[in-house]
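Please look over the sequence and the structure shown here, and then read the notes that follow, which are grouped by topic for a reader who is new to such models.

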Amino acid sequence: MFLNLIKLNFKLIFRSAVFWICSVIFIFAFGLTVFMYDYLEFVNYSLILSQSGYIIIILFILCFISAVYFSHNKTVLEQSCLTPVHIVYKSKFAAVLISFMTFCIIPVCFFLVLEIIEKNGILFFSLTILYMVIYLIGIISVATTLGFLTGYIVRPFYAYIFSIPFAVIFSILFQNTIFKIFGYYKDISFRIYHMITMNSFFGEGVEVEYRGPNLNILFLIKFLMTMVVALLLCFILFQVLRGKVRTFSAVGTVFCVAAYIGLAAAFWKYHPVRYNDLEKLYILDYKQQPYEITSYSGDINLKEWSDYSISVGIKKTGEADGLTLRLDQSMKIKSLDIDGKDVDYKRFGDILEIDCNKEEFTLNLSCGGRISYVNELHSVNIYTTNTSCALPPEFAFLPKIDGDKSKKQYDLSVKSNNTLISNLDFNKENGVYKLSGNSQNMCLFSGFLTQTEIDGITFYHASCSRKLQKSFEAYYSRMNSNSISVFNPDTYDLEKYSGDEKSKVFMIYYLYGNNNFFVVYDDYMMYNYGYPI
Amino acid sequence: MLTINNLNFGYKKNVPVLKDINLTLDSGFSLLVGENGSGKSTLINCMTGVLCGSGKIEIDGVPCGSREYARCVSYLPQTFDVYPALKVGEILEFVAGLKGVPKKEVKQAVKDAAQRTNTESFLETKFKKCSQGMKRRVGIASALMGDADVIILDEPTAGVDPKERRQFYRTIKECFAGKTVLISTHILDDIESLADNIIMLSRGKITCNMPYSEFISSLGREATLEELWIHYQEAGNDTVE
């Protein structure tokens, strides 16, 4: 019976003008965004959804009002067959929900065209489609369920008007209200807003373009939260349809509330931590240590929860009682020893104090943890995920000594699921990147990246951009200008630069407090190509 | 055979709409009559499972609300105002599916019902393009699906002109001969043309339940239908069997 009813409702929905008008509006809105923001010539089309909050508002309203419309349909035919009311409406609801899921086809078609233009590869395309489908299914589920429930309870025409307040609450339009309540640009305001909004969070900041679609644990939790809300609304709808509380629905409602609380707690836990450049990257206030790091060797596994086992060669250069290292607090220590012997150590935030008084020794360290930081411009730009990472040279992913400018010998094996680039020499062997070389520091970036060689300089850049040529021209134009200013990470200030060009130039997102100025290191240079506007 | 035992129903507590209804419907046309607000629609809603009162409603032991009961009953609402975008054939196929007609036999069942109601040439026509008379015939055709034992028609001739009404009487007499048919109405013409039995409801109680021939002569003299109607409506709380 239920299948017959669903089939009937599919016929009715796909023959209704409402469905096709909504489809045309969504196609138009999506197309307009693609062309308006010039995505056809841009980088990373996976950012379209997160950067275009208004598409989501339109989609939410379309699904909501359509669900109201179909819930208001007369059910004389089903009644004439003595079909119980709750089954009639459950089947109608299921058909509406599934029908509107087909809206996902619209962005898929646009992305297919963009993929043909940009040629980012099957991995990028698949992940983008997966990201977009999951994202849209969440929005469509909540909007449709809420609309159907509203339509069933509120029979008069004004039920449609409810789409506006709900669209506001679940979209970027509610951001200002939350900020008014919890404080402007405060971390708590962003966390609460990100928990409520249907819009992609951190769309308010500049997104790292080589990351590709942001498929990580936080996105998954957010999706589950959305689906739990939709499920909760379903259980409420079922109880309203029955006109009484039934055990199954009551248990389901309690389960959904409990699940939402659990997921909200997880969302809070895994939400990126707000950082300050001067506390996390550019440490200006430190006590000079009579130690130098001479080498790093070992294995690193880059994923959402990254881990590594490394040996750090350290040499004493003066009198000292103990060694103080900087190691990001996200990286939890699994084991630590010096020359094979366990030692006492203390951790305070990013500080690691080790009780040691040897002249030259090897620190063996095994760590693991999830790195996810958001800067004050609301951009998650220090992170590791399963397909991408951004670990700038100043960040203490590996233990380091503040003020240590000595050159270190690197010999590392790095497992990365996507293309990895570094200031060190690297080559890929059997799926593992072998990093080696001498440098003051090390940076690791992975994602949808590639390289281009021009005039003996290797430019590393995101693999998806049709405007890249213009960026190369801009780079040369800036380098050839008479007085080029560069950002000095040691002083957190600008200075004149007249040195030679470096052999490696990273033309990737690089906004780590450097205000779009070049950042020059001993053997490479950072040039923010970022998000070209 | 449809039986109703001790049926009581009220939308609000202590305000009964149906009071202790006991009824047995056998084959033939039974006309449920009563003035507006007498409880006709409520009784029909109870019989179709839309409303649930205390007491028992069964068809040969099959309780109301079960799937089997739904297959035994065909119900034609007052206005058969179904989805305009569907074709007549699709409507009938859907009803056949829900009434348990085997998949292989659906096409034939639709064809037969359409033939009997003279809607054969409209199977590919969208419902919204059908005339009112045609829509009524489609309703009858849908009631024919599944060969139900009990047919319930709720005010089927309301708003129908006399000529069309005659046509309608002919059709349902042909289509539902030998079935247990309950027709709710307050149109005297319906009673005269169709009734085998009369069931009169007044203030939620059955005030009259008898064969039509007895009903006509029940006052002991020749009386018009209007007189009989008024008499039994005013009979108040006394049930006349």
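Over all chains the count comes to 47 aromatic pairs, where rings of Phe, Tyr and Trp (its six-membered ring) pair if their centres lie within 6.5 Å, and planes under 30 degrees apart count as stacked, over 60 as edge-to-face and the rest as tilted. One of these pairs is formed by Phe518(A) and Tyr527(A), which is tilted, with 4.9 Å from centre to centre and 35 degrees between the planes. This is a predicted model, in which local features need pLDDT of at least 70 and side-chain atom pairs count only at pLDDT 80 or more, while totals for chains, interfaces and linings use all residues. Residues are numbered from 1 along each chain as its sequence is written, chains are lettered from A and ligands numbered from 1 in the order in which they are written, and side-chain values use heavy atoms, with hydrogens and water left out.

**Aromatic rings and charges in chain A**

- Both Phe518(A) and Tyr527(A) are buried, a word that here stands for under 20% relative accessible area, whereas exposed stands for over 50% and partly exposed for values in between (1.4 Å probe, protein chains only).
- One aromatic cluster is formed by Tyr210(A), Phe426(A), Tyr433(A), Phe445(A), Tyr460(A), Phe506(A), Tyr509(A), Tyr510(A), Tyr512(A), Tyr521(A) and Tyr524(A).
- Arg191(A) lies over the face of Trp268(A), at 5.3 Å from the ring centre; a charge sits over a ring if NZ of Lys or CZ of Arg is within 6 Å of the ring centre and within 35 degrees of the ring normal.
- The ring of Phe267(A) likewise has a charge over it, namely the charged end of Lys222(A), which sits 5.9 Å from the ring's centre.

**Chain A as a whole**

- Chain A holds 15 helices and 24 strands, where helices (H or I, at least four residues) and strands (E, at least two) are DSSP runs, numbered from the N terminus.
- The C-alpha trace of chain A spans about 95 × 55 × 50 Å along its principal axes, and of the 533 residues in this chain 58% are buried.
- Among the contacts in chain A with a separation of 6 or more, 72% are between residues 24 or more positions apart, and contact means heavy atoms within 4.5 Å.
- Chain A has an accessible surface of about 22200 Å², with 59% of it belonging to carbon and sulfur atoms; such areas come from the Shrake-Rupley method with a 1.4 Å probe, and for residues only the protein chains shown count as cover.

**Two loop residues of chain A**

- Asn216(A) lies in the loop between helix H11 (187-196) and helix H12 (217-242) of chain A, and it counts as buried because its relative accessibility is 15%.
- Leaving aside neighbours within four places in sequence, Asn216(A) is in contact with Glu304(A) and Thr385(A).
- Asp339(A), in the loop between strand E5 (332-338) and strand E6 (341-342) of chain A, has a positive phi of about 50 degrees although it is not a glycine.
- With a relative accessibility of 36%, Asp339(A) counts as partly exposed.

**Chain B as a whole**

- Chain B contains 9 helices and 10 strands, and its C-alpha trace spans about 50 × 40 × 30 Å along the principal axes.
- The radius of gyration of chain B is 18 Å, which agrees with the value near 18 Å for a compact globule of 241 residues; this radius is taken over C-alpha atoms, and the globule rule is 2.2 Å times the number of residues to the power 0.38.
- Of the 241 residues of chain B, 53% count as buried, and the accessible surface of the chain comes to about 11200 Å², 47% of which belongs to carbon and sulfur atoms.

**Two loop residues of chain B**

- Ile187(B), in the loop between strand E8 (180-185) and helix H7 (188-194) of chain B, is buried because its relative accessible area is 17%.
- Apart from neighbours within four places in sequence, Ile187(B) is in contact with Thr157(B), Ala158(B) and Arg165(B).
- Asp147(B) is found in the loop between helix H5 (132-144) and strand E7 (150-154) of chain B, and is exposed, with a relative accessible area of 54%.

**Where the chains meet**

- Chain A and chain B bury about 2000 Å² between them, 70% of it on carbon and sulfur atoms, where buried area is the accessible area (1.4 Å probe) that two parts lose on being put together, summed over both.
- Arg15(A), Leu77(A) and Leu82(A) supply 33% of the area that chain A buries against chain B, more than any other three residues.
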